[in-house]
Amino acid sequence: MNTPSINAQRLLTELTHLAQIGAGPDGAIHRVAGSRADLAARDWLSKTMQVAGLTGHRDEIGNVFGRVPGSTGPWVLLGSHADTVPAAGHLDGAYGVVAAIEVLRTLVETGHPAADHIEIVAFWDEEGVAPDSNGGLGGSTFLADSPHIDDIAAYLEVHVEQGPRMEAAGLDLAAVTGIVGVERYEIVMHGQENHGGASPFDMRADAGRAATRAAAALRPICQSIDPVGLIGNVGSCSFTPGAANVVPGEATLQIEIRGISEAVLDQTRTALREAYERIAEEENCTCTIRKASAKPVAEFNPEIVRMADEVCRASSDRTDRMASYAGHDASVMSTRVATGMIFVPSTSGISHNALEHTPDHQLVLGTQALLDTAVATAERLTTGQDSLSAAPPVLAAAA
Ligand SMILES: [Zn+2]
């Protein structure tokens with residue numbers, strides 16, 4: 001493949017620089033959106049872009065952009081987020097931002113024509129843990145609703161997987177096909193509060209027993225529907241009134257399901273309702289199910305996924321396609337522009353933790369794959385056309 005090679009040493013050095021901003025004595029990184037460290041990181045990113053010969057600007061919310069001076073859109077946007085959770089590792093978000101800088105810097109240095117068609121971004125507040133955050137993805141949501149989105153033809157993000165699947169499969173790289181949809185439910189079992197000793201088993205309406213049976217049923221239901229593309233979690237279970245000698249009159253579960261397609265989520269929703277109503281009836285109780293929140297499945301642009309997959313295969317024989325089970329700015333971007341992602345593995349599947357780690361050679365492979373996919377996307381957009389003013393139908397269709 002005729003693309004320039006990134007500077008691996010510079011990539012790793014810049015990652016180390018960024019990791020020092022907001023680093024605490026515990027070895028973890030504290031760069032919650034809007035904190036002093038987060039703002040200092042954004043200043044450092046702007047300066048690094050300047051040193052790389054790029055022109056930078058910051059929008060009203062705090063997204064930091066960089067591009068070749070004088071270049072005009074539409075651009076292929078590369079990036080990720082610069083904020084972190086409290087006590088974070090040094091790769092979640094930061095890797096995608098530093099990789100994006102390295103890609104554009106390499107293209108500029110080698111005089112590659114794709115440089116004029118690429119913009120880079122460090123998004124504001126992806127994590128959503130600041131007190132005034134509205135659930136996260138703030139920077140990408142702001143961009144998606146701003147006039148600048150019309151100048152963006154496609155979006156690419158490289159990120160650490162944040163889970164154990166790639167390492168377990170021995171992968172170096174993965175072309176991400178989309179981001180799972182996430183639905184949260186509150187399940188309430190209603191029974192009859194009564195004396196815990198004087199009520200025989202067969203004469204109770206035990207809401208606690210109904211709820212724990214419902215909790216235990218979640219995993220087999222998910223596994224029977226889709227053992228690969230569906231996951232569920234019971235995050236909390238509480239009994240009322242909550243005393244050892246009282247049969248619970250009411251019991252509440254908070255559950256979450258994540259699925260790779262709306263069809264899988266539909267099927268799961270129906271199966272859970274049937275199972276929970278049956279369990280309630282068997283336990284002499286009734287059941288109410290309330291949807292607390294829902295984030296739809298994000299499906300990435302098939303043509304970009306194909307190009308990313310091809311690039312990954314050309315650079316390693318240990319690569320595959322996979323869905324993301326964690327949320328990313330790319331999910332917001334995919335609602336407006338053709339979008340794709342590339343994953344590198346997370347050692348032991350650990351993220352949102354100071355122990356977050358990915359071997360250097362995979363960080364380098366991922367950044368080179370981002371460059372190659374960005375060049376392929378930019379070339380795809382310009383092929384047979386005088387400018388980037390119109391995306392070919394296959395890309396436009398995904399917007
Ligand atoms: Zn992230």
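Author: Let us begin with the metal site, where an N, O or S atom is taken as a donor if it lies within 2.8 Å of the metal. Please keep in mind that this is a predicted model.

Reader: Which residues coordinate the zinc ion, and at what distances?

Author: The zinc ion is held by NE2 of H81, OD of D92 and NE2 of H159, at 2.0 to 2.2 Å. Along the sequence these donor residues follow the spacing H-x10-D-x66-H. Because H81 belongs to strand β3 (residues 75–81) and H159 to strand β5 (residues 152–160), the pair ties together parts that are 78 residues apart in sequence.

Reader: Are H81 and H159 buried or exposed?

Author: H81 is buried, and H159 is buried as well.

Reader: How should I read a sheet, and what is the order of the strands in the open sheet of four?

Author: In general, strands of a sheet pair through backbone hydrogen bonds, either parallel or antiparallel. Here the order is β9-β11-β7-β12, and the pairing is antiparallel. Strands β9 (230–240) and β12 (286–295) stand at the edges with a single partner strand each, so one side of each has no neighbour in the sheet. Strand β7 (residues 181–190) is joined to β12 by nine bridges, and within that pairing V182 has K295 as its bridge partner.

Reader: Which helix packs on the sheet and touches β7, β9, β11 and β12?

Author: That is helix α7 (residues 262–282), whose direction makes about 160 degrees with that of β11. Helix α6 (residues 207–225), for its part, lies across β7, β9 and β11 and runs at about 180 degrees to β9.

Note on methods. Residues are numbered from 1 along each chain as its sequence is written. This is a predicted model: local features need pLDDT of at least 70, side-chain atom pairs count only at pLDDT 80 or more; totals for chains, interfaces and linings use all residues. Side-chain values use heavy atoms; hydrogens and water are left out. Donors are N, O and S atoms within 2.8 Å of the metal (3.2 Å for Na, K and Ca); water is not among the atoms, so sites may look incomplete. Helices (H or I, at least four residues) and strands (E, at least two) are DSSP runs, numbered from the N terminus. Buried means under 20% relative accessible area, exposed over 50%, partly exposed in between (1.4 Å probe, protein chains only). Two strands pair if DSSP finds at least two bridges between them. Contact means heavy atoms within 4.5 Å. Axes are lines fitted to C-alpha atoms, for helices over the stretch in contact, and angles run from 0 to 180 degrees between N-to-C directions.
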